[in-house]
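Hi there,

Here is the structure I promised to pass on.

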Amino acid sequence: MAGQQQIELPPKYYLDYFRYLIGFVQRMYTHLLNAEEQAFIRRFESLTEDAQCLFVRFSNRRGDFFRIDKLSYREIDELPAAVGELLLNGFIERLNAHHELMGDAALNVFTKPELLALLPLAPEELKPLAKEKKENVVRYALHELAFPEIVASLTAHETVVKVAFEAEVMMLKYLFFGNRSSDMTEFVIRDLGKVSFERYDESKLTARFLTRKEVEDKLMISLTNEEFRELQHAETPPEDIYNWFMNWNETRPDLADIAQPGYAKLVTRVGSYLERQKMPDQAMQVYQLTNMVPARERRVRLLFKSGLVEEALALCDDMAVSPQNADERYFATDFREKILSVGEKKRPRKATTRFLSDAESVAIPAVYRHHVEAGVMNHYLEQGWEAAFTENYPWRGLFGLVFWDIIYDANVSAIHHPLQRAPSDFYSVDFYLKREEALKGRLTELATREAFREQVEGVFFGKYGITNVLVDWNEELLSLAHQIIDLLEPEQLGLVLLEMSHNLREHTRGFPDLLIWNDEGKYEFIEVKSPTDHLGSQQLHWLQFFQTIDVKARVLRVDWA
């Protein structure tokens with residue numbers, strides 16, 4: 001915003017955040033902290049402020065090793081004294097021979113020229129290494145040189161330290177955020193005004209984890225996911241990755257319920273990776289560990305390719321009885337027909353293909369080949385219609401505005417810390433189950449278009465700029481929301497929003513591309529498809545749902561003029 005004042009954080013803002021995090025975790029999870037974590041907190045609190053600052057600086061930076069000569073923090077008055085205090089109290093330790101397994105991380109704090117100058121390399125080794133990338137220099141040193149000699153050479157010139165208490169700090173942050181993707185920068189972007197969070201009475205916040213096992217199991221899945229990504233990045237042979245995963249899976253403990261969704265996602269990621277690596281038998285074994293989308297579909301395809309037709313049909317039937325999303329619902333029927341039609345001359349068409357082929361077509365100038373929706377919009381504008389690009393944007397926004405207070409109700413036990421962007425059950429079936437009465441009650445209150453407009457407008461201006469995972473703040477949102485409210489009956493609008501609430505992960509996507517309307521109150525939602533585009537299962541879901549509640553919507557195929 002023009003004229004907005006630059007916000008400056010206090011010099012030791014990061015220490016304030018870390019102290020707040022510790023206090024919050026102690027209030028919410030004291031009973032879950034083990035002896036080591038409790039001891040860490042006591043020892044940290046006994047440090048001087050400068051030493052606390054330096055340790056938090058270390059713990060917020062990437063990597064475990066740091067060069068003391070490169071440190072420069074103006075707000076720390078006595079930096080050498082802070083370093084000495086951390087060394088004396090075991091919060092950091094000097095690089096030594098015991099760090100050999102972390103040698104790669106230790107050497108990477110130096111530049112390639114520095115390594116070539118400092119490592120105990122013979123003259124005949126230096127010339128070829130000078131032409132190599134840094135990663136190859138590091139690899140050569142760790143394989144060809146004795147690690148104690150490497151340490152002696154590097155530390156003879158300057159002090160290199162490794163941060164301690166990584167596990168304790170990681171656990172404290174994990175207990176606060178509930179995931180590994182968020183970090184202390186969340187506090188920074190809030191206080192700099194980059195992101196505005198919904199405000200809560202902290203006394204109403206609830207613990208995300210009720211037992212030590214819950215947090216350890218969920219954290220284990222997060223760390224295993226990270227290890228899987230690292231193995232791929234390191235170009236580990238796929239056979240080794242398969243063996244690593246299956247060995248881990250055999251030795252892991254029975255997981256708490258809170259860790260099950262993350263485990264299922266990990267399984268599908270590993271299975272998809274093995275499929276891409278042309279290892280179908282191994283992929284099948286992995287997919288069998290979960291029924292989460294898309295594992296069952298992938299198993300059906302692999303079974304069919306392997307000639308296990310009856311097994312593939314049986315799994316299709318299971319999916320048809322209890323589909324988890326639109327993809328499974330249509331796939332189960334379509335693939336079943338495909339299997340049964342093997343040997344016939346005429347192949348069955350998928351439901352999405354049939355729906356698309358039955359649709360009307362319109363000729364659009366080829367100049368719009370890369371902007372097909374814009375071409376269709378212009379076509380209707382020339383015919384006197386009003387038109388807007390909609391897709392998911394206004395529907396997501398409507399849901400967020402209509403149900404804002406219900407989404408972020410701290411009394412539902414799904415808000416666990418003040419920087420949370422969405423309730424923890426947002427993408428689970430629990431979201432609807434916990435709030436069914438409140439959701440339906442809100443829609444009962446919004447029995448007229450005027451009531452809908454007042455609700456949407458009041459929340460739009462009252463909450464403008466506050467983070468909501470469904471609301472992208474833009475003046476156009478209010479205009480589009482009003483337009484949809486004016487065109488649909490309140491009951492129709494309520495049915496769409498209620499359908500969305502049953503599965504927010506899936507049902508917040510797939511809406512038609514365009515909305516057209518005229519002064520007579522006529523309108524249509526239009527899904528635009530170019531000659532090479534396909535209709536998605538979730539798109540078909542909404543088109544058919546709109547038909548059942550008499551909302552005007554259709555597919556329009558484009559032919560190039």
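**What I found**

Let's start with Lys278, which is found in the loop between helix H14 (260-276) and helix H15. Its phi is positive, about 60°, although Lys278 is not a glycine. For background, most residues other than glycine have a negative phi, and most peptide bonds are trans. Lys278 counts as exposed because its relative accessibility is 70%. The words I use here have cut-offs: buried means under 20% relative accessible area, exposed means over 50%, and partly exposed is in between (1.4 Å probe, protein chains only). Helices (H or I, at least four residues) and strands (E, at least two) are DSSP runs, numbered from the N terminus.

Before you go further, two notes on how to read all this. This is a predicted model, so local features need pLDDT of at least 70 and side-chain atom pairs count only at pLDDT 80 or more, while totals for chains, interfaces and linings use all residues. Residues are numbered from 1 along each chain as its sequence is written, and side-chain values use heavy atoms, with hydrogens and water left out.

**The whole chain**

The chain has 561 residues, and 49% of them count as buried. Its secondary structure comes to 28 helices and eight strands. If you box in the C-alpha atoms along the principal axes, you get roughly 80 × 60 × 50 Å.

You'll find Asp550 in the loop between helix H28 (537-548) and strand E8 (553-560). Asp550 counts as partly exposed, because its relative accessibility is 47%.

Next, look at the loop between helix H15 (280-287) and helix H16 (295-305), where Pro294 lies. The peptide bond from Val293 to Pro294 is cis, with omega near 5°.

Thr467 is in the loop between helix H24 (449-462) and helix H25 (475-487). With a relative accessibility of 17%, Thr467 counts as buried.

Five strands form an open sheet with mixed pairing, in the order E4-E8-E7-E6-E5. Strand E4 (360-364) and strand E5 (386-389) stand at the edges with a single partner strand each, so one side of each has no neighbour in the sheet. On average, neighbouring strands of this sheet are turned by 35° against each other, direction ignored. For the angles, axes are lines fitted to C-alpha atoms (for helices over the stretch in contact), and angles run from 0 to 180 degrees between N-to-C directions. As for pairing, two strands pair if DSSP finds at least two bridges between them.

Within this sheet, E6 and E7 pair in the antiparallel sense over four bridges. Leu515 stands opposite Phe525 in E7. The loop between strand E6 (514-517) and strand E7 (523-529) holds Asn518. Is Asn518 buried or exposed? Asn518 counts as buried, at 16% relative accessibility. The side chain of Asn518 reaches the backbone nitrogen of Glu520 at 3.0 Å.

The other sheet I looked at is open and antiparallel, with three strands in the order E1-E3-E2. Strand E1 (65-67) and strand E2 (92-94) are at its edges, each with a single partner strand, so one side of each is left without a neighbour in the sheet. The twist averages 35° from one strand to the next. E2 and strand E3 (residues 160-163) run antiparallel and are joined by three bridges. Ile92 has Val163 in E3 as its bridge partner.

Terms used
Polar contact = N/O pair within 3.5 Å; in protein donor to acceptor, adjacent residues only side chain to side chain.
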